[in-house]
Amino acid sequence: MQGFSLLGWEYDMSKLPLMSVIIDNYNYGGFVRDAINSALDQTYPNVEVIVVDDGSTDNSREVISSFGNRVISVLKENGGQSSALNAGIARSSGEWIYLLDSDDLFYANKIKRISDLAAQYPMAGMIAHRSEERRVGKE
């Protein structure tokens, strides 16, 4: 049994479903680091982060590789967002899949909250929620 304590809760990893976060990226080297960090910084402890680079020509691949084995990198030729998401889904092992665009962020408790809903409604095939837009800087 592999377990640990986080925020006063005891977790048994063998009983927590794996959750997959798929980040699709194309030429968003200036944003993808923050998206990856928001996926890695989840309060839910059993998460794999898959970053699919869809043939970027900027510094995106260097940013992605800087995370080492903390993320699963899928590097492919440009084929569009749908092909990038399909490549990420094919590589995922999680019970639930979370999609995150490379210029967006997850709140730290997002996966925990959604996984709690999934446990509450075990027949659900999809769980949707309202997003929140926040602008940074002057408008």
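The turns below take the labels one at a time.

Me: What kind of model is this, and how are its residues numbered?
Reply: This is a predicted model, with residues numbered from 1 along each chain as its sequence is written. Local features need pLDDT of at least 70, side-chain atom pairs count only at pLDDT 80 or more, totals for chains, interfaces and linings use all residues, and side-chain values use heavy atoms, with hydrogens and water left out.

Me: How many helices and strands are there, and what counts as one?
Reply: The protein has 4 helices and 6 strands. Helices (H or I, at least four residues) and strands (E, at least two) are DSSP runs, numbered from the N terminus. Their order from that end is β-β-β-α-β-α-β-α-β-α.

Me: What makes asparagine 25 buried or exposed?
Reply: Buried means under 20% relative accessible area, exposed over 50%, and partly exposed in between (1.4 Å probe, protein chains only). Asparagine 25 has 2% relative accessibility, so this residue counts as buried. Strand β3 is where asparagine 25 is found. In the protein, buried residues make up 36% of the 139 residues.

Me: Which side chain makes a polar contact with the side chain of asparagine 25?
Reply: That of serine 102, at 3.1 Å. A polar contact is a pair of N or O atoms within 3.5 Å; within protein, one must be able to donate a hydrogen and the other to accept it, and residues adjacent in sequence count only if both atoms are side-chain atoms.

Me: What is said of the phi of asparagine 27?
Reply: Phi of asparagine 27 is near 60°, a positive value in a residue other than glycine. Asparagine 27 sits in the loop between β3 (19-25) and α1 (32-40). Its relative accessible area is 26%, so asparagine 27 is partly exposed.

Me: Why is the pair of arginine 61 and aspartate 53 called a salt bridge?
Reply: A salt bridge is a side-chain nitrogen of Lys or Arg within 4 Å of a carboxyl oxygen of Asp or Glu. The closest N and O atoms of arginine 61 and aspartate 53 are 2.7 Å apart, so the pair qualifies. Arginine 61 is partly exposed at 29% relative accessibility, whereas aspartate 53 is buried at 0%.

Me: How many salt bridges does the structure hold?
Reply: It holds 3. One of them joins the side chains of lysine 76 and aspartate 54 (2.6 Å, N to O). Lysine 76 lies in strand β5 (residues 72-76) and aspartate 54 in strand β4, so the pair ties together parts that are 22 residues apart in sequence. Both lysine 76 and aspartate 54 are buried. Another salt bridge is between lysine 112 and aspartate 116 (2.8 Å, N to O). These two residues, lysine 112 and aspartate 116, are 4 residues apart in helix α4, which means about one helical turn separates them.

Me: How do you know that the buried residues of α4 line one face?
Reply: The buried residues of helix α4 (residues 110-120) are Lys110, Ile111, Ile114, Ser115 and Ala118. Seen down the axis of α4, they fall within an arc of 120°, so they line one face of the helix. The arc is that of the directions from the helix axis to the C-beta atoms. Arg113, Ala119 and Gln120 are exposed on the other side of α4.
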